[in-house]
Amino acid sequence: NWSVAWGLLKRMGFPLKAIRAHQRLIMKLGRRIRLGKWIGPRWYAKNGYPQGCSISIVIMDCILITWANRMQRLIPSGTFCNFLDDTVAAVHSLEDHALMIRETEVFDKVSGSRTLPKKSGILGTTRQLARKAARYKLNGSFIPVVSWARLLGDVISTNGVSKQLSNQRIH
C-alpha cells in the first residue's frame with residue numbers, strides 16, 4: 001500500500017521532496033507484459049514496487065523495521081530483525097509464536113504486505129516443539145517445518161546440517 005509506505009517514510013523523517021518525487025515516479029510508471037514477441041497494453045499498478053528501484057528497497061526495509069520493532073515491543077523476550085525483505089523471529093514459547101503469527105497477519109493487512117508461508121520456515125529446538133508450532137496458520141496456510149535455513153548466505157540449523165553446509169556459504 002503506497003499511502004502507508006509514504007506515510008511511514010514521512011513519519012521516519014524522510015524529506016518530503018524525496019517522497020513526492022517517488023510518488024510521481026511510481027504512479028506514472030506504465031507497465032506491460034511481454035510474452036515472446038507479444039507485448040500487452042500499458043497498465044498502471046496501484047500497489048507494489050518495480051524490481052531494481054533503489055528507493056523500493058529502502059521502503060521495504062522501513063516497513064519491516066517497523067514490523068520488527070512492533071514485535072519486540074509485544075514480545076520482549078523474543079528476537080526480531082530484518083535485512084531488506086528477509087525477517088527473522090526467535091520466540092521462546094508457543095504462546096509467543098501464536099501472538100507473533102496473529103500480529104504479523106494484522107501488520108500485513110495494515111501495511112498492504114503479504115508474508116508468504118511457503119517462503120517461511122519453522123525451526124524448533126525439538127521436533128515436538130516444531131510440530132506444535134506448525135499447527136498455526138499464517139495468512140491461511142501452514143508454515144513448513146524445516147531443519148535448516150539459509151539466511152544472508154549462512155546456514156542456521158537444528159540438526160548439524162550447518163557444519164556440512166557452512167563450506168558452501170555465499171560471500
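Select Leu64 to begin, a residue that lies in helix 3 and counts as buried, at 13% relative accessibility; buried here means under 20% relative accessible area, exposed over 50% and partly exposed in between, with a 1.4 Å probe and protein chains only. The C-alpha atom of Leu64 is separated by 8.4 Å from that of Asp86, 22 residues apart along the chain. Bear in mind from the start that the model is predicted, so that local features need pLDDT of at least 70 and side-chain atom pairs count only at pLDDT 80 or more, whereas totals for chains, interfaces and linings use all residues. Residues are numbered from 1 along each chain as its sequence is written, and side-chain values use heavy atoms, with hydrogens and water left out.

Now colour the whole protein by secondary structure, where there are six helices and 10 strands; helices (H or I, at least four residues) and strands (E, at least two) are DSSP runs, numbered from the N terminus. Of the 171 residues, 27% count as buried.

Next, select helix 1 (residues 2-11) together with helix 2 (residues 16-27). Two packed helices are described by the angle between their axes and the distance between the axes. The axes of helix 1 and helix 2 come within 10 Å and cross at roughly 165 degrees, the axes being lines fitted to C-alpha atoms, for helices over the stretch in contact, with angles that run from 0 to 180 degrees between N-to-C directions. Helix 1 and helix 2 are therefore roughly antiparallel to each other, on a scale where angles under 35 degrees count as roughly parallel, over 145 as roughly antiparallel, 65 to 115 as roughly perpendicular and the rest as oblique. To see the contact (heavy atoms within 4.5 Å), show Trp2, Trp6, Leu9 and Lys10 of helix 1 with Leu16, Ile19, His22, Gln23, Ile26 and Met27 of helix 2. These residues divide into seven nonpolar, two polar and one charged, where Ala, Val, Leu, Ile, Met, Phe, Trp, Tyr, Cys and Pro count as nonpolar, Asp, Glu, Lys and Arg as charged, and the others, Gly among them, as polar.

The axes of helix 1 and helix 3 come within 10 Å and cross at roughly 80 degrees, which makes helix 1 roughly perpendicular to helix 3. Here Ala5, Leu8 and Leu9 in helix 1 meet Ile59, Cys62, Ile63 and Thr66 in helix 3, and the residues of this contact divide into six nonpolar, one polar and no charged.

Leave helix 3 selected and bring in helix 4 (residues 94-111), which packs with helix 3 at an angle of about 145 degrees, with the two axes 11 Å apart. The contact is made on the helix 3 side by Ile63, Thr66, Trp67, Arg70, Met71 and Leu74, and on the helix 4 side by Leu99, Met100, Glu103, Thr104, Phe107 and Ser111; by class, it has seven nonpolar, three polar and two charged residues.

Which residues is Met100 in contact with, leaving aside neighbours within four places in sequence? They are Met71, Ile75, Phe80, Ala89 and Val91. Then move to His97, also in helix 4, which is buried with a relative accessible area of 7% and touches Val91, Ile122, Ala133 and Tyr136, not counting residues up to four places away in sequence.

Five bridges join strand 5 to strand 6 (residues 86-90), and the two strands run antiparallel; strands pair if DSSP finds at least two bridges between them. The bridge partner of Phe80 in strand 6 is Ala89.

Two loop residues end the tour. Leu123, in the loop between helix 4 and helix 5 (127-133), counts as partly exposed at 33% relative accessibility, and its C-alpha atom is 7.7 Å from that of Ser157, 34 residues apart in sequence. Asn139, in the loop between strand 7 (137-138) and strand 8 (141-142), is buried with a relative accessible area of 16%, and its phi is near 50 degrees, a positive value in a residue other than glycine.
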